[in-house]
Amino acid sequence: QMIAIGGAIGVGLFLGAGRGISLAGPGLMLSYAVGGFIIYFMMRALGELLLYRPVAGSFATYAEEFVGPFAGFATGWSYWFMWIVTGMAEITAVAVYVHYWFPDVPQWIPALITLGVLYAANKIAVEVFGEVEFWFALIKVVTIIAMIVGGLVIIAFDISPVGQTAGFHNLWAHQGFLPFGILGVALTLQIVMFAYQGVELIGVTAGEAENPETVLPKAIKSVVWRILIFYIGALAVMMALVAWTELKPGVSPFVYVFDRIGVPGAAHLINFVVITAAASSCNSGLFSTGRMLYTLAHLGQAPRAFGTVNRSRVPSRALTFSAAMMGIGVVLNYLVPESVFIWVTSIALIGSLWTWSIIMVAHLGFRRKVAAGEIPPVDFRMPGAPLMNYVVVVFMLIVAGLLAIDPGTRVAIYIAPFWFAALWIGYNVSRHRALAPA
């Protein structure tokens with residue numbers, strides 16, 4: 001549960017919310033609610049598949065079995081690609097946060113240091129990853145709860161410098177709850193869905209979980225509503241404490257609000273917390289990309305060298321290659337520090353939209369085989385099937401289309417055709433190698 005929460009509560013909330021608020025105002029909460037509704041059904045579909053067969057690299061396995069060989073190949077590599085690019089976003093966020101203390105430090109230096117430390121932690125053993133991620137996630141959860149509870153106390157008792165103007169009336173007092181209309185809410189769906197990236201990490205960790213039949217349904221049912229409370233609750237309290245018009249893109253709203261509250265040292269503490277939040281999400285990304293590459297190697301869809309583990313049972317070569325690819329983010333922070341964050345978050349979303357859609361399509365294939373009596377059903381079933389499967393896929397297509405509207409996110413639309421063309425070429429090369437005589 002902590003891995004899923006840690007993966008999903010990261011830079012999307014702590015930094016991306018600033019841009020989302022500038023586009024939709026308080027209406028950003030509506031966007032998170034709609035996105036959370038969709039994610040709930042995706043997670044329930046994934047849960048049903050996981051109970052059928054809990055394996056590491058689950059998305060690629062289910063896509064292969066229930067959709068087709070190319071779907072399995074494309075899903076495995078797209079999920080790997082998504083977390084590589086997300087890792088670039090996370091180390092970029094760390095660099096932006098470090099500027100709060102050291103404005104003259106070049107962005108690429110803290111990005112490089114963060115990647116190096118997390119790579120070393122992942123190399124040691126899965127127990128080290130689990131322990132580090134647990135504490136990273138716990139820091140984030142405690143901070144958000146403290147902000148929600150502390151904010152409610154300030155609103156109720158008019159304490160602190162912001163107490164005189166704080167109140168839930170701020171959610172509609174400044175040009176209304178939807179100052180930019182439904183279009184403004186729609187334009188934030190890219191930020192919102194990027195923020196939800198990571199909830200599906202339960203599927204990657206399933207192969208290494210004890211008693212999956214017990215722990216996986218519990219984790220899946222709890223993680224979605226917890227994240228909804230954290231996101232919507234935190235946003236509601238923040239925008240009640242200060243007018244949403246004060247919150248700016250590129251500045252963490254958490255840091256800004258704690259700075260305005262006036263508690264000595266609070267803003268510095270929150271800045272440290274948001275650094276750990278970004279590092280946590282990057283940590284999850286390194287873990288998942290190494291495991292996915294390991295799975296692809298065993299499926300014959302990646303070089304065999306990536307299918308080995310070291311003495312600590314860590315897929316060391318796959319992990320090293322993934323970390324090296326994330327290093328491109330360090331280069332981008334050197335070349336285009338102003339644009340790198342919005343570029344990489346929108347590109348990463350393409351991989352997530354594909355993965356989430358394939359989970360829904362694979363679930364349809366699973367249900368068809370269950371109905372035909374070819375495989376046994378499981379107790380943890382997704383409600384609303386098959387209608388909600390189609391609703392979720394259509395929603396993902398709409399979000400992908402919205403990327404074309406904003407010039408900052410349009411780069412993802414340009415990259416996507418090249419990525420899927422490369423996947424088609426790679427798939428055919430791997431097939432020919434598999435069919436070639438030994």
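**Ser 322 and its surroundings in a predicted model**

User: Which residues does Ser 322 touch in this predicted model, not counting residues up to four places away in sequence?
Analyst: Leaving aside residues up to four places away in sequence, the contacts of Ser 322 are Trp 80, Ile 84, Thr 289, Gly 290 and Leu 293. The model is a predicted one, and Ser 322 itself has its place in helix H16, residues 316-326. With one of these residues the side chain of Ser 322 also makes a polar contact of 3.5 Å, and that residue is Thr 289.

User: Is Ser 322 buried or exposed?
Analyst: A residue counts as buried when its relative accessible area is under 20%. The relative accessibility of Ser 322 is 0%, and therefore Ser 322 counts as buried.

User: Where is Phe 177 found, and does it count as buried, partly exposed or exposed?
Analyst: Phe 177 is found in the loop between helix H9 (170-173) and helix H10 (181-187). Together with residues including Leu 30, Trp 172 and Ile 182, Phe 177 makes a nonpolar surface patch of about 690 Å². Because its relative accessibility is 33%, Phe 177 counts as partly exposed.

User: How many helices and strands are in the protein chain, and what is its radius of gyration?
Analyst: The protein chain holds 20 helices and zero strands. For 438 residues the globule rule gives 22 Å, and the chain comes close to that, so it is as compact as a globular protein of that length, with a radius of gyration of 21 Å.

Notes:
Residues are numbered from 1 along each chain as its sequence is written. This is a predicted model: local features need pLDDT of at least 70, side-chain atom pairs count only at pLDDT 80 or more; totals for chains, interfaces and linings use all residues. Side-chain values use heavy atoms; hydrogens and water are left out. Patches are made of residues with over 30% relative accessible area and no salt bridge: like charges are joined within 9 Å, nonpolar side chains (Val, Leu, Ile, Met, Phe, Trp, Tyr) within 5 Å. Accessible areas come from the Shrake-Rupley method with a 1.4 Å probe; for residues, only the protein chains shown count as cover. A salt bridge is a side-chain nitrogen of Lys or Arg within 4 Å of a carboxyl oxygen of Asp or Glu. Helices (H or I, at least four residues) and strands (E, at least two) are DSSP runs, numbered from the N terminus. Buried means under 20% relative accessible area, exposed over 50%, partly exposed in between (1.4 Å probe, protein chains only). The radius of gyration is taken over C-alpha atoms; the globule rule is 2.2 Å times the number of residues to the power 0.38. A polar contact is a pair of N or O atoms within 3.5 Å; within protein, one must be able to donate a hydrogen and the other to accept it, and residues adjacent in sequence count only if both atoms are side-chain atoms. Contact means heavy atoms within 4.5 Å.
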